[in-house]
Amino acid sequence: MPTEREDQGPTEIARLLEGIPALLEQGRGEEAEEALEAAYRHYATLSRSLVAAADADSLANLLELVQPPPRQVALLADLLEAESFLRLRQGDEERALHCAHKALRLYLEAALHDPELHEPVAQPVAYLTEFLQDEALSDLGVRPSKATARRLREYQERFGE
């Protein structure tokens, strides 16, 4: 049976992530960074340092071994998408792209493992796919891997997008 903290985890993560854009708009970047760190603390499956160190394919493989529920994988993707946004706003385009790549891969894995997640992840998948193909950022050399591209094709074939 989940503890009260585990029950509140997804709600608290969502609350923290929703506040990050407003903090950035107000010029409170340090507080936005703290909110992101707090959100990661609520995500108990993997540590932030491990997530940051892994590339998208390694992270997907690790999650395949750990086998968290697909909704937790989507929640981690939410965290990475928020971090991507934060890094982009801070001017760290390369790190933003790496986070976006990881988020895209995890959203794809979550939806392919649990079709009920297709609808909630469809918009982030579309946004991240477009972001990763942005020509203005192409000189940074961050592109989805062949494995991620293959999973994206599977996702598109399965869900008709």
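Predicted model: local features only at pLDDT ≥ 70, side-chain atom pairs only at ≥ 80, totals over all residues.
**Notebook: Glu30 and the fold around it**

I started with Glu30, which is exposed, with a relative accessible area of 62%.

Next I asked myself where Glu30 lies. I found Glu30 in helix α2, which covers residues 29-42. I also looked up a distance: the C-alpha atoms of Glu30 and Gly141 are separated by 28 Å, and the two residues are 111 apart along the chain.

Then I turned to the whole protein. How many helices and strands does the secondary structure hold? I noted eight helices and zero strands. Read from the N terminus, the order of elements is α-α-α-α-α-α-α-α. The radius of gyration is 15 Å, close to the 15 Å that the globule rule gives for 161 residues, so the protein is as compact as a globular protein of that length. Along the principal axes, I got a box of roughly 45 × 40 × 25 Å for the C-alpha atoms.

My next entry is on packing. Of the 161 residues, 44% are buried. Among contacts with a separation of 6 or more, I saw that 71% join residues 24 or more positions apart.

Last, I checked the surface and the charges. The protein exposes about 8900 Å², and carbon and sulfur atoms supply 50% of that area. I noted 17 positive and 31 negative side chains. The centres of these two sets lie 3 Å apart.

How values were computed: Residues numbered from 1 in each chain as written. Heavy atoms only, no water. Helix = DSSP H or I, 4+ residues; strand = E, 2+ residues; numbered from the N terminus. Rg over C-alpha atoms; globule rule 2.2 N^0.38 Å. Buried < 20%, exposed > 50% of the residue type's maximum accessible area, 1.4 Å probe, protein only. Contact = heavy atoms within 4.5 Å. Areas by Shrake-Rupley, 256 points an atom, 1.4 Å probe, with all protein chains shown as cover. Lys, Arg positive; Asp, Glu negative; His and termini not counted. Charge placed at Lys NZ, Arg CZ, Asp CG, Glu CD.
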